[in-house]
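Hello,

Here is the structure we talked about handing over. Please open it alongside this note; my findings follow below.

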Amino acid sequence: MSGLFGRATKQALLRANCTPCVHQANTMSTFRNLSKAKKIALGAIGALAAGGTGMAIALNSTVTAGELVLHPPKLPWSHSGPLDSFDHGSIRRGYEVYKQVCSACHSLNYINYRNLVGISHTEDEAKAEAQEALVTDGPNEAGEMFQRPGKLSDPMPNPYPNEEAARAANNGAYPPDLSFITSARHGKEDYVYHLLTCYCDDVPAGVNLGEGQYFNPYFPGGAISMAKALYNEIIEYEDGTPATTPQLAKDVCTFLKWCAEPEHDRRKKLGIKCIMLFSMLSVAIYYMKRHKFTVIKSRKIEYRPRK
Ligand code: HEC
């Protein structure tokens, strides 16, 4: 049955009575043959589409540039080149900064202790880190929630039980979860770095600071409710690196970048492999294409009208 059907359709396709199609294709293919009104209408639609796109782009950039905000300059991160992986020593130090400074106010809900294993800590070290945290679990047989030391499968502890508590403790401002912060902000880790290191004491005219607000030129609007968090020697690194403010900021940004893109190293490694493989394949494909097209490119088509 399917054979019959196939044969019938094939014959229909091969049949050479396609004069109306050719005629139709000729009339459809040129703008020239359209009536004047249609040309004007098409032109207007084109102009509208181009104008709309231009306006959307212009509006978008005015909104960003119109706010009182300084765009962070690009920094030479140890992981920013196409062939660079993360500095894992820096990730480990960054975790120390997060744990001892930022975790007082910011959660890191999407990072579990097990994620640290093989990245910045060994399994035993990560277990020890987890055990320092107290986690609410339950209910037990009596139906009550209880506290237990953390396990590798637990996420980093949240400093506040809910958003309202976080706002109440921070003058109404909500310290955002830091898991994806470097992907969530314009300027990425450059922004976070400058935000942490560029607090200014002199407030320029036009910036009105509310209660508990500080001036930071990199924060949109300039008035931020987070006090300067990093100072020289605010913590002591366990590997003995001098804990200057820029060092602390660089390490915590590298750590936060890893939190937001844990697949970063794997992605770049895969990218290198793909580029190598596909460039080899493209040579083979080019050869195959030339090979298969020889017949088509060297043939000659003649048209002999029937007498
Ligand atoms: C005392 C509490 C506190 C500490 C400690 C703290 N922050 Fe914040 N952070 C805040 C608050 C509150 C906000 C919200 C500010 C606002 O919206 O005005 C904030 C906002 C932020 C933002 C987002 C800014 C934006 O563009 O919305 C980042 C990034 C940030 N903090 C990073 C850090 C890092 C990194 C650390 C550790 C080095 C840290 N914070 C330590 C309270 C804190």
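**Findings**

Lys-188 is buried, because 21 other C-beta atoms lie within 10 Å and 20 or more count as buried. Lys-188 sits in helix α8. Its phi is near 50°, a positive value in a residue other than glycine. Please keep in mind that this is a predicted model.

Glu-233 also calls for a look. Its phi is positive, about 60°, although Glu-233 is not a glycine. Is Glu-233 buried or exposed? Glu-233 is exposed, with 11 other C-beta atoms within 10 Å. Its place is the loop between β4 (223-224) and α9.

One peptide bond is worth checking too. Gly-138 and Pro-139 are joined by a cis peptide bond, with omega about 0°. Pro-139 is in the loop between β1 (134-137) and β2 (146-149).

**The ligand**

The shell around the ligand has 23 residues, of which Cys-102, Cys-105, Pro-175, Ser-225 and Met-226 come nearest. By class, the shell holds 19 nonpolar residues, three polar and one charged. Which helix gives the most to this shell? Helix α8 (residues 188-197) does, with three residues.

**Helix α9**

Helix α9 covers residues 245-260. From first C-alpha to last, its 16 residues reach 22 Å, close to the 22 Å expected at 1.5 Å a residue. Twelve of the 16 are buried, so α9 is largely enclosed by the rest of the structure. Among the buried ones are Lys-250, Asp-251, Phe-255 and Trp-258. The buried residues of α9 pack against α4, α7 (181-184), α8 and α10 (264-297).

**Where α4 meets α9**

Two packed helices are described by the angle between their axes and the distance between the axes. For α4 and α9, the axes come within 7 Å and cross at roughly 100°. The two helices are therefore roughly perpendicular to each other. By class, their contact has eight nonpolar, three polar and three charged residues. On the α4 side, the residues include Arg-93, Tyr-95 and Tyr-98. On the α9 side, they include Asp-251, Phe-255 and Trp-258.

Tyr-95 belongs to helix α4 (residues 88-100). Tyr-95 is buried, with 26 other C-beta atoms within 10 Å. Leaving aside neighbours within four places in sequence, Tyr-95 is in contact with Leu-116, Ser-120 and Phe-255. Tyr-95 and Leu-116 are 21 residues apart in sequence and 9.3 Å apart in space, C-alpha to C-alpha.

Best wishes

Terms used: Residues are numbered from 1 along each chain as its sequence is written. This is a predicted model: local features need pLDDT of at least 70, side-chain atom pairs count only at pLDDT 80 or more; totals for chains, interfaces and linings use all residues. Helices (H or I, at least four residues) and strands (E, at least two) are DSSP runs, numbered from the N terminus. Two residues are in contact if their C-beta atoms, placed from the backbone, lie within 7 Å. A residue is near a molecule or strand if its C-beta atom, placed from the backbone, lies within 6 Å of it. Ala, Val, Leu, Ile, Met, Phe, Trp, Tyr, Cys and Pro count as nonpolar, Asp, Glu, Lys and Arg as charged, and the others, Gly among them, as polar. The expected span of a helix is 1.5 Å times one less than its number of residues. Axes are lines fitted to C-alpha atoms, for helices over the stretch in contact, and angles run from 0 to 180 degrees between N-to-C directions. Angles under 35 degrees count as roughly parallel, over 145 as roughly antiparallel, 65 to 115 as roughly perpendicular and the rest as oblique.
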